[in-house]
Protein chains: 6
Amino acid sequence: MGKKIITFGEIMLRLSPSSFKRFIQADSFDVTYGGGEANVGVSLANFGFDAYYVTKLPNNPIGDAALNHLRRFGVKTDYIVRGGDRLGIYFMEIGAAQRPSKVVYDRAGSAIAEAKLEDFDWDMIFKDAEWFHFTGITPALSDSAAELTLEAVKKAKQNDVKVSCDLNYRKKLWSPEKANKMMTQLMEYVDIALGNEEDAEKIFGIKASESDVTAGKLSEEGYRFVAKELIEKFNFKLVAITLRESYSASDNGWSAMAYDGRNFYTSTKYKIHIVDRVGGGDAFAGGLIYSLINGKRLKEALDFAVAASCLKHTIPGDFNMVSVDEVESLRRGNVSGRVQR
Amino acid sequence: MGKKIITFGEIMLRLSPSSFKRFIQADSFDVTYGGGEANVGVSLANFGFDAYYVTKLPNNPIGDAALNHLRRFGVKTDYIVRGGDRLGIYFMEIGAAQRPSKVVYDRAGSAIAEAKLEDFDWDMIFKDAEWFHFTGITPALSDSAAELTLEAVKKAKQNDVKVSCDLNYRKKLWSPEKANKMMTQLMEYVDIALGNEEDAEKIFGIKASESDVTAGKLSEEGYRFVAKELIEKFNFKLVAITLRESYSASDNGWSAMAYDGRNFYTSTKYKIHIVDRVGGGDAFAGGLIYSLINGKRLKEALDFAVAASCLKHTIPGDFNMVSVDEVESLRRGNVSGRVQR
Amino acid sequence: MGKKIITFGEIMLRLSPSSFKRFIQADSFDVTYGGGEANVGVSLANFGFDAYYVTKLPNNPIGDAALNHLRRFGVKTDYIVRGGDRLGIYFMEIGAAQRPSKVVYDRAGSAIAEAKLEDFDWDMIFKDAEWFHFTGITPALSDSAAELTLEAVKKAKQNDVKVSCDLNYRKKLWSPEKANKMMTQLMEYVDIALGNEEDAEKIFGIKASESDVTAGKLSEEGYRFVAKELIEKFNFKLVAITLRESYSASDNGWSAMAYDGRNFYTSTKYKIHIVDRVGGGDAFAGGLIYSLINGKRLKEALDFAVAASCLKHTIPGDFNMVSVDEVESLRRGNVSGRVQR
Amino acid sequence: MGKKIITFGEIMLRLSPSSFKRFIQADSFDVTYGGGEANVGVSLANFGFDAYYVTKLPNNPIGDAALNHLRRFGVKTDYIVRGGDRLGIYFMEIGAAQRPSKVVYDRAGSAIAEAKLEDFDWDMIFKDAEWFHFTGITPALSDSAAELTLEAVKKAKQNDVKVSCDLNYRKKLWSPEKANKMMTQLMEYVDIALGNEEDAEKIFGIKASESDVTAGKLSEEGYRFVAKELIEKFNFKLVAITLRESYSASDNGWSAMAYDGRNFYTSTKYKIHIVDRVGGGDAFAGGLIYSLINGKRLKEALDFAVAASCLKHTIPGDFNMVSVDEVESLRRGNVSGRVQR
Amino acid sequence: MGKKIITFGEIMLRLSPSSFKRFIQADSFDVTYGGGEANVGVSLANFGFDAYYVTKLPNNPIGDAALNHLRRFGVKTDYIVRGGDRLGIYFMEIGAAQRPSKVVYDRAGSAIAEAKLEDFDWDMIFKDAEWFHFTGITPALSDSAAELTLEAVKKAKQNDVKVSCDLNYRKKLWSPEKANKMMTQLMEYVDIALGNEEDAEKIFGIKASESDVTAGKLSEEGYRFVAKELIEKFNFKLVAITLRESYSASDNGWSAMAYDGRNFYTSTKYKIHIVDRVGGGDAFAGGLIYSLINGKRLKEALDFAVAASCLKHTIPGDFNMVSVDEVESLRRGNVSGRVQR
Amino acid sequence: MGKKIITFGEIMLRLSPSSFKRFIQADSFDVTYGGGEANVGVSLANFGFDAYYVTKLPNNPIGDAALNHLRRFGVKTDYIVRGGDRLGIYFMEIGAAQRPSKVVYDRAGSAIAEAKLEDFDWDMIFKDAEWFHFTGITPALSDSAAELTLEAVKKAKQNDVKVSCDLNYRKKLWSPEKANKMMTQLMEYVDIALGNEEDAEKIFGIKASESDVTAGKLSEEGYRFVAKELIEKFNFKLVAITLRESYSASDNGWSAMAYDGRNFYTSTKYKIHIVDRVGGGDAFAGGLIYSLINGKRLKEALDFAVAASCLKHTIPGDFNMVSVDEVESLRRGNVSGRVQR
């Protein structure tokens, strides 16, 4: 039995045209299920932990399918509550070359967005748990979801559970003002923060001067500044920032840096020909949590997390279906992609 | 140019597993778009009319795809309003033999359900129109949709447009009480009513004593009683009732009867090995409206409508993609299904 | 090495929507290749003969694919000539229940329709051959194809090869008058004729009085009359007539009768739930030729042929991919469809 | 938490051409996983039990996929052992009408066939368990598998666990002689036996005189005789026999009878238009075990089991993905297949 | 209502193997419809014009499907004439890396190739129109098509409609001599010419000395020379030349230049990882016409056209399904392909 | 009729998830058939030879399908023996970017691995043959397969047939020690050896000092050393070594060098964006054998072989479906991938 880890958030039905078709061309959609915290749960289950995903799912066959999908890929579903009206949906059009991928959200009124405090027994959930992970998406879903998230982090701390948060600002869900207010409250309970420059700027107004995200140029100086500011402001034990260089929808550079209050660490960088980049950040979080729980040194932890999430970009769907061995092989430098017989 | 016909209601994204899979088995969904009044519009476009479908669609690619789908199959989309939050969705699991088909609706908050009176300029829409068709689903969507429907039928009458209504009671959308109140108001403007025994009972409390729908046995006497009551109550020019005998999810009997206040007409009955029965009733409505506008006699009109809707059961999706010639060939007795070379 | 059999005609690219979709719904077509005489060739290859199919195919990748398709299913392609402009195409919409299957031909100008006498060396082709089979479609393709067919049957007779012909009248290809003139010439060289009532009527004006094909009622008397007339007129050694009762596009009755100038034979009748009925008649011809070459008695031969072609109706595509054992199992009465483990 | 149930046996990779294609036509295979005892496990998980499936799976991605498939559909995999060389495979060609389905087994040398006694800790497995189910396939896999099965039933009895066995004779796996010897030993520990007439005859030489399975005619008298003999011989508490009438590969009659040593019970009979009949018997076993554990009366238990397995015939794959509510609805007589909205 | 634009030519059924399969591997073809002028029409419809496509389509379901395809993507089909024998077909094998894409045309005898002068009422068609676009493919189809094209451009000029022509030389359709003679006649009525170096050389013998198209090296000097010659010869208001650098079937450079008789303009260049390059030139034409009608300056017009056609390379099928906003975003420099949420 | 060439070995069923899915995500597998020597046979058939493939296939439908697959692509199957238990299988997960492709073999106990000396009549097989090709995989299958291979090469030499061998070391099948012993025996009869550095090292202990395969850096010096050693040791007339530079699973460099005992030849190098790299080495062997039989000079032969195998990387499946013309076009420098119309 692995260590017990809790992730909490929204899992959605994901619908995508295949073969680079646009939405208006599709007469079928590929079906999968995903969401930030569920994706992290799958990574952690693959890495050998008892990963429990907590959410609320509608009591209908679409909710069943989401639950089965989690179960299929090894996530524990014991604490999932059933009820509410619907499963959130996101439509995902996969881009290519100069055409960006496009996401259409249809998640309002989902079971988890309308869940209530009394739906979850956090003391039971956190019993014997090691780690709790959530993202900035969950409190953004609704006022009740924000309240729930606050309750969760408080209970986590009461139960001596480490807390990590992927800042993940979603402009369609809330305003910077609202995000700032709520996230500031939540950060009090967070040990480790993950994010990208945009998150820090949009949520906390922490902005590096020179960087330009759209143009794909990232300033290392800028990121160091952001990391320092975050730790100063919220007293995190660690801040990790993923660095995506978007050359096009098909090809990205991918690396990360971390700051523990004393040192800055920079990871290996991969140039990736992309199959599916959704869940890349979640795979990074999964790899980082795995490494930290296993007491790896920060540079190695960062490299493991980046290697894990590099592999995610080659796998269809939100989930990162890779083993520790596969990640280690890449981390150690086997980038050749030779056939394994 | 054909005569101008207006239908008004909600079109939804329809998602179905293929090959008789259950929802929880599917890793892709067949995608199509459909809804009662849109389906009738397609029939009428195929039969040569200028069929305009009126609705509100979200201004996103999923709304675009629904609009394109209508356009593809010949429906005029000039009066469709864009805006609102989402397109309604229905998940459709296609049953077989003793396993019933299963529909999961996810339509709350759709653009049309939240549309407002000022979204539509009915005088422009009804200018030079011959016919207006709606179903009992539209006013059930929301209070504003009910208000909109009432406005529409009033304007139709002011513009001297014939009005037909398929009663179509949906228990997931409203209670019998609410349905009764609203539909009673609307019926004042309706010339021709279509439905089945269950509709009349659920909405208006008109109930034939002996019939038992679930057991698949239908009493002709019962239907005559229902039709008479409807005409007495609402002064319709015609009531048409479809008679489905559900032997199983795979095989149905299908026929109809009509009453014009003087005579009862009974159609040919078909035993159908089903490909997709959704939209069967709408195909009937389309066939009936076509026949009535073209001044066919009632028995022939009824037989045309039943033949048209019989063919619908053999076509995947909600839309009845058949020509007048194909329907006429079946109506005249060519049931052999011989290859047409 | 099996006995050498020659069939000659046109093979076409066949394009079909899947899952009972109509042409206008399809965004992909299932691809296969078929044509009367090629289909017979596949049956005979499966039954152990050296079945050579003779035709002309364009020297492009579509022609290659047709050739490969024949080769894949065991037909010898040594005598196939390459050249000409195009491969004929037929679009096939598979019907269901009361909706008939629909074929759209696009075969004008095909390589075989424009082939010339000098393209084929019939003496080489018929060297050591046992049997030659063609259908009434081949001479209907074009004047040159008719000339070619006449040359072929003459050469077959000169080389002492038995000749069978499936009458197969195609109204899209020629008029009854033209068919009558050409087929009458060809029949002089034919030993065994296969067909259905319609063929005899359309081509030779031989018409049974009472039967009504469209209504699916077949008069045994009528068929006896037709068979007799054919033998009297053309001195065939055997006439075999397939009897299709089309209850619907999904369900057919299937049997056959034969007349050898002295006795009438009637086969077992099967009620078939249809997967793909194209090539049913060709599978019958294949089964009959197999049985006759192997010296089976007529009743058994007829039953084998009907059993073989019954199985064809359960297999997608034009080709009948069944073994002698599988046909024999059905012929002997094993109709239960029990799983064979 | 539901009651704990154990099933034990072999799960295989199942590969099937789609759309009624023959093996030689397929350029893709539908992939699923199934096997008698795993199938029963899925039924029981769906009905609310803690169903543990015990087997040995190779430690490779194909083994992972089988495990994930079980987990996806709710089966507990905690006792599954990893190791060995390969996962057994069965190729399944789905028949239609007069063409039988065809199974090609490729299961020799599978991990479970070569598993050893020490691979499983039966005392741990049976701790707090209510029921143990296996089939006659498991001991037939190999001598070591037979030994393992014997060990399992002994341990089950020692742990006071009810034991059911589906006789399931597989002629490809062992001879009647070998089956007789081994199964006779195993029956000593069995409380409830399930099977069909053929099983009893092939394994135990118990043969009803008049029946003729291939012809699809089943003699009730014959079955009563078989049931009586079985109980007399092995002192079972219950014998249940499924009665399949194979009209064709597409249409079957399906019912069952049971004998508890005093009374005979006969179930409702369903005429089923088949989607996938594999796993029908296992679904029956699942339904029966559910009913017996819940203390239902025998007639009702039998009807529930037959209704459950009737529904299985409408679902692709080996697993019966139905809820208690769905089975109950059918058992209570709702055979109409009406759309459930 | 947008401005009225007319395009005229041939639309074909396009059949392609999926997933980089060769023709001989395919057992299904992806189905779409396309052709130079239809493709331009779709671009213009997407950009908000009333784009009417003029052609003749066979009166069969394949013709219906082509018409529906146009309608689906917003093209007006009011002036499409029905009749003739067949829809032209092109088979498209999509290459990868060093393997070129391969097109097999099967278009002889198409409805439009055999259309007659009296099929079209050009005065009605051009009434209130702004722009007429055709390509060098249309007059190459047949003598009657050439005559029709000449009639069309004459009528366009009489109706004061701007005329653009994409030279598009097709060596399979006519000889350079024939092309020269006909195109020279047509150019008299053309305001704006589009093409590539090869077109100018093959049709008009205008040849830059140093360039080598196959080797993928393009000389800017050469293109300037060609553009100048064209304007001198035919007095065009504008000549635009697309510059494709084919590094491989998977990766191309893409840019364009234009000359208005005074200045030369060079566009941004994109390196594109290709999904489907068919229709790239047509998308360029669509973007250019849009920009010119909207009075954009030439450099911006050229960049818009190149950005639009860059996006086309990322979309399956012939049609460029992009909005003005999407093109503008790329033109303004957002090449990062970041997910749009 | 082309020259007669024999290849001998194992063909397997290949099962692959589509669209870069991992095994555990797949609910269907693409089906094809391949194996080193069969792949070479297909190349040679495409290049115009009479290529006979010799193996043993199980007498079941899976064996039929493998045989049909060979026949489809032009390979002669006259000498294929039927019998044995099963067809070997390999599961192939296609990697992307940094994720390597993964092969799971399930080939133990295959018909060919258990074939016996008396199954094949080598004198008949080699009658009039020009060339015999096998790989190091065949003797590795089993002791009896090794014995068979030895018999084959001896008989080849007795019949004056040239022998080529692709060393192809497979570590899952045998140890270096066993390989060394057996391959050393076989090499006595081999004229031409093909391989890569790893093969020579693993089988014969011939190791270049500096090279590092995993890191994708290849030392030309090292390869020269290996080639020299091989020729010194075994007196080959030619050694050819393929040089794969694995930048990632998606992009490879591909070239080759050869040594004839006097001179070293180095081929053109291609950078390939990969569709399917399996069978690349076999396509190289096919191209080389074609060139040598046709008496091409070594540099040209090598370039033809590399161009042929470069194209293989762009085609799904194991088989290289290209013509001599297509290879020649690439060899001559047309790398542009321009559409061929």
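What follows is a talk about the terms and the values behind them.

Mentor: A word on the source: this is a predicted model, in which local features need pLDDT of at least 70, side-chain atom pairs count only at pLDDT 80 or more, and totals for chains, interfaces and linings use all residues. Residues are numbered from 1 along each chain as its sequence is written, and chains are lettered from A and ligands numbered from 1 in the order in which they are written.

Trainee: How many helices and strands does chain A have?
Mentor: Chain A has 11 helices and 15 strands. Both are DSSP runs numbered from the N terminus: helices are H or I with at least four residues, strands are E with at least two.

Trainee: What does the radius of gyration of chain A agree with?
Mentor: The radius is taken over C-alpha atoms, and the globule rule is 2.2 Å times the number of residues to the power 0.38. For 341 residues a compact globule would come near 20 Å, and chain A has 19 Å, so the value agrees. Along the principal axes, the C-alpha atoms of chain A fill a box of roughly 50 × 45 × 45 Å.

Trainee: What share of chain A counts as buried?
Mentor: Of its 341 residues, 63% are buried. A residue is buried if 20 or more other C-beta atoms lie within 10 Å of its own, exposed if 12 or fewer, and partly exposed in between, with C-beta atoms placed from the backbone.

Trainee: Which contacts in chain A join residues 24 or more positions apart?
Mentor: Such pairs make up 70% of the contacts in chain A with a separation of 6 or more. Two residues are in contact if their C-beta atoms, placed from the backbone, lie within 7 Å.

Trainee: Why is N59(F) called partly exposed?
Mentor: N59(F) has 14 C-beta neighbours inside 10 Å, so it counts as partly exposed. N59(F) sits in the loop between β5 (56-57) and α2 (61-72) of chain F. Setting aside neighbours within four places in sequence, N59(F) is in contact with R82(F) and G83(F).

Trainee: And what makes F264(E) partly exposed?
Mentor: F264(E) has 15 other C-beta atoms within 10 Å, and therefore is partly exposed. F264(E) belongs to strand β14 (residues 264-266) of chain E. Beyond four places in sequence, F264(E) is in contact with R224(E), M257(E) and Y259(E).

Trainee: Why do you say that the buried residues of α6(A) line one face?
Mentor: The buried ones are A179(A), M182(A), M183(A), L186(A) and M187(A). Seen down the axis of α6(A), they fall within an arc of 135 degrees, so they line one face of the helix. The arc is that of the directions from the helix axis to the C-beta atoms. As background, an α-helix has 3.6 residues a turn, so residues three or four places apart point the same way.

Trainee: What covers that face?
Mentor: The cover of the buried residues of α6(A) includes α4 (137-140), α5 (143-158), β10 (162-166), α7 (197-204) and α8 (220-234) of chain A.

Trainee: Which residues of chain A make up the side that touches chain F, by class?
Mentor: The contact takes 22 residues from chain A and 23 residues from chain F. The chain A side has 11 nonpolar, 9 polar and 2 charged residues. Ala, Val, Leu, Ile, Met, Phe, Trp, Tyr, Cys and Pro count as nonpolar, Asp, Glu, Lys and Arg as charged, and the others, Gly among them, as polar. The largest share of that side, 3 residues, comes from β15(A).
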